[in-house]
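Please keep the sequence and the structure in view while reading.

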Amino acid sequence: WPRDGVPAKPEAWLLSVARRRGIDAVRRRRTGEEARPHLALIAEEAEAMQARQNDIPDERLRLMFACAHPDIEPGIRAPLILQTLLGLDAAAIASAFLVQPSAMAQRLVRAKARIREAGIPFRLPEREDLAERLDAVLAAIYAAYSEGWSDPAGMDARRSNLAGEAIWLGRLAAALMPDEAEAESLVALMLFAEARRPARRDAAGRYVPLGEQSFLLWDSGMIEEAEARLRRAAKLSAGEERIGRYQLEAAVQAVHAARRLTGRTDWAALVTLYDALALSGGSPVVALNRAAAVAETVGPEAALAGLDALAEDRTWSGRLADYQPYWAARAGLLAKLGDVPAAARAYERAIGLERDPAVRAFLQEKKKALMQ
């Protein structure tokens with residue numbers, strides 16, 4: 001290797017050499033007919049392991065599938081992958097899944113205890129078992145990308161690298177399972193978002209919301225690839241009873257990306273897509289984005305009613321108190337309705353919860369303009 005260079009697949013090379021040397025050693029130690037079945041078994045197992053590893057060309061992706069064991073509680077598989085393989089702490093994981101950090105930490109501790117008690121093995125699954133583990137792997141990849149996306153200015157190298165790694169892993173997953181529409185859709189979704197990264201800050205470093213971004217700064221190459229992947233996902237899912245979450249979310253991003261061609265945003269199409277997302281498993285993020293689209297199509301009263309209904313939902317009400325996007329959305333709608341005192345209070349709440357200085361300054365400017 002120092003002389004000729006590291007081979008393209010060093011792990012496979014080492015495995016092959018080890019297998020051959022192991023077989024030679026056994027042959028030298030044990031001769032006769034009784035050794036033949038043992039040698040055949042070693043060769044067969046080694047070749048099967050090499051074939052499985054060659055199926056998944058990245059060590060991290062292999063370990064992700066190993067961690068998504070079906071005996072682990074479904075809701076904790078993706079968080080476990082994020083902590084074990086990508087090194088995210090409980091607070092970051094909790095933020096990605098909209099739960100309290102203390103609750104997420106307890107769930108992770110319980111999951112690890114169960115793994116030890118039950119002796120759940122972390123080994124690479126067979127090719128035919130990958131599909132049942134795909135959802136957890138995709139959820140972990142998307143959560144990792146979201147953590148990287150939360151650094152709009154790209155000042156945090158770790159987060160920027162995390163976003164790039166997530167896209168890389170998503171591409172590998174889609175290549176590994178080319179017939180899975182959701183894997184293809186997730187790559188499209190991340191590419192649509194990543195294409196807008198250069199427009200999320202102006203020259204002075206100020207935060208620029210999506211509706212005010214210059215589409216001339218968007219990466220057209222990424223958008224074109226995302227659109228091609230989304231079309232392929234649509235063909236793969238044709239005839240299925242339900243369209244997947246990532247395909248719907250990628251379609252939402254495609255509607256926003258179309259503004260570079262039409263000069264306008266199709267808000268009615270967005271409402272329809274968010275309605276479909278709500279049926280496939282709603283969340284506060286979906287409800288808030290739907291409210292923004294409803295405000296553009298029906299009016300702020302209807303949108304605010306949607307936020308009120310969300311706040312009354314016991315599933316989410318406890319989590320909204322510390323969820324900045326909820327208060328920012330509420331403040332904007334109240335401002336449009338002319339309720340200045342209530343809007344100011346909501347802005348104050350959003351400002352207090354925001355950790356990004358540029359976004360906090362943007363909200364402060366909104367509140368200042370409201371009070372003038």
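## Overall make-up

Among contacts in the protein between residues at least 6 apart in sequence, 63% join residues at least 24 apart, where contact means heavy atoms within 4.5 Å. The protein has 19 helices and zero strands; helices (H or I, at least four residues) and strands (E, at least two) are DSSP runs, numbered from the N terminus. Of the 372 residues in the protein, 44% are buried, a term that stands for under 20% relative accessible area, with exposed meaning over 50% and partly exposed in between (1.4 Å probe, protein chains only).

## Basis and confidence

This is a predicted model, in which local features need pLDDT of at least 70 and side-chain atom pairs count only at pLDDT 80 or more, while totals for chains, interfaces and linings use all residues. Residues are numbered from 1 along each chain as its sequence is written, and side-chain values use heavy atoms, with hydrogens and water left out.

The pLDDT, which is the predictor's confidence in each residue on a scale from 0 to 100, averages 85 over the protein, and 87% of the residues score at least 70. Confidence is lowest in helix α2 (residues 35–55), with a mean of 50, and highest in α9, at 97. Over residues 48–54 the pLDDT stays under 50, and for these residues the model has 13 contacts beyond four places in sequence.

Gln-247 lies in helix α11 and counts as buried because its relative accessibility is 9%. Leaving aside neighbours within four places in sequence, Gln-247 is in contact with Ala-181, Glu-182, Ser-185, Leu-230, Ala-233, Ala-234 and Ser-237.

## Ile-167 in helix α8

Ile-167 is found in helix α8 (residues 157–176), and its relative accessibility of 9% is why it counts as buried. When residues up to four places away in sequence are not counted, Ile-167 touches Tyr-145, Met-190, Leu-191 and Glu-194. Tyr-142 is 25 residues from Ile-167 in sequence, and the two are 8.7 Å apart in space, C-alpha to C-alpha.

## Helix α19

Helix α19 (residues 357–371) has 15 residues and reaches 21 Å from its first C-alpha to its last, close to the 21 Å expected at 1.5 Å a residue. Its buried residues include Ala-358, Val-359, Leu-363, Lys-367 and Leu-370, and what covers the buried residues of α19 includes α17 (324–336) and α18 (340–353).

## The second largest cavity

The second largest cavity holds about 30 Å³ of space and is lined by Leu-98, Pro-284, Trp-316, Arg-319, Leu-320 and Tyr-323. On a 1 Å grid over the protein atoms alone, a cavity is a set of points where a 1.4 Å probe fits but cannot get out, and lining residues have an atom within 4 Å of a point; a volume is the space filled by probe spheres set on the points, which are joined across faces, edges and corners. Helix α16 (residues 314–320) gives the largest share of this lining, three residues.

Definitions and conventions
1 Å grid on protein atoms, 1.4 Å probe; cavity = no way out; pocket = protein on both sides within 12 Å on 5 of 7 lines; lining within 4 Å. Expected span 1.5 Å × (residues − 1).
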